[in-house]
Amino acid sequence: MGGKPTTTRRPGRPGADSAEMPSAPDVLQRGLEAFAELGYDRASAREFARRLGVGPTFINDRYGSKAAYWRAVVDAALGAQLTRMVPAAPGSDDEDVVRQFVREFYRTTIGEPYLAMLMADESARDTERLDYLYQSYIEPALALVTPSIERLMASGRMARVSIDVVFFAIMTPVSGLVQEPLARRVGGYEHMTQADRLAKAEALAALVMDGLLAPGNAKSR
């Protein structure tokens, strides 16, 4: 129950090398790390087994295929985040809606940098996996903020550009939040605390939003 390791396996399958199986959340987190660090093609059943301390058939036994495992990993990482996102309350100021969206996106990225690494890798590949990410998570998330962006453009408070330009203006800077070795060198940090990371996320969100808004239309914060 909960996060307790289990030894339950599918009927007819041989036992794993370890007497205790890793918990389901650990299996998914280790998978996220492997897919993020190695990319989908290089992440192998043998590598998953090594990271989890299980037998080489563990992933196929539990998920059926690497593709199904990848989807389970993505659903675990993104599903809860999408569930927490709700449409803006009626009457909300559109700039506040977009600022909050960008701020939470950056703060979430700091909380799970492996997810940002996976998304960056998959976004460069025209695959069914990208279709899955876009249709299941990216498009629904954008739908929550796109009406506010369009109204800001229509009112002249935001430069009128295509929505993909706005999307990439928000998404692309996120690399600075996950490329920590480079960020430490550029910023002169000996090490980075969580407070440093959160401060970077807030500063980046403000900079991006002020850049998107038309001159003179950014609210004072």
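Contacts (heavy atoms within 4.5 Å) between residues 24 or more positions apart make up 70% of the contacts in the chain with a separation of 6 or more. This is a predicted model, where local features need pLDDT of at least 70, side-chain atom pairs count only at pLDDT 80 or more, and totals for chains, interfaces and linings use all residues. Residues are numbered from 1 along each chain as its sequence is written, and side-chain values use heavy atoms, with hydrogens and water left out.

**Overall make-up**

- The chain has 11 helices and zero strands, with helices (H or I, at least four residues) and strands (E, at least two) taken as DSSP runs and numbered from the N terminus.
- Of the chain's 221 residues, 37% count as buried, meaning under 20% relative accessible area with a 1.4 Å probe and protein chains only.

- Mean pLDDT (the predictor's confidence in each residue, from 0 to 100) is 86 for the chain, and 89% of residues reach 70 or more.
- Helix α1 (residues 24-38) has the highest confidence, at 96, while helix α9 (residues 175-178) has the lowest, at a mean of 78.
- Over residues 1-18, pLDDT stays under 50, and the model has 26 contacts beyond four places in sequence for them.

**α1 against α4**

- α1 and helix α4 (residues 66-84) pack with axes 9 Å apart, at an angle of about 105°; axes are lines fitted to C-alpha atoms, for helices over the stretch in contact, and angles run from 0 to 180 degrees between N-to-C directions.
- That makes α1 roughly perpendicular to α4, the label for 65 to 115 degrees.

**α5 against α7**

- Helix α5 (residues 94-111) and helix α7 (residues 128-154) have axes that come within 9 Å and cross at roughly 140°.
- α5 and α7 are therefore oblique to each other, oblique being whatever is left after under 35 degrees (roughly parallel), over 145 (roughly antiparallel) and 65 to 115 (roughly perpendicular).
- Asp 94, Glu 95, Val 97, Val 98 and Phe 101 in α5 meet α7 residues including Ala 141, Val 145 and Arg 151.
- Seven nonpolar, one polar and three charged residues form the contact of α5 with α7.

Methods
Ala, Val, Leu, Ile, Met, Phe, Trp, Tyr, Cys and Pro count as nonpolar, Asp, Glu, Lys and Arg as charged, and the others, Gly among them, as polar. Buried means under 20% relative accessible area, exposed over 50%, partly exposed in between (1.4 Å probe, protein chains only).
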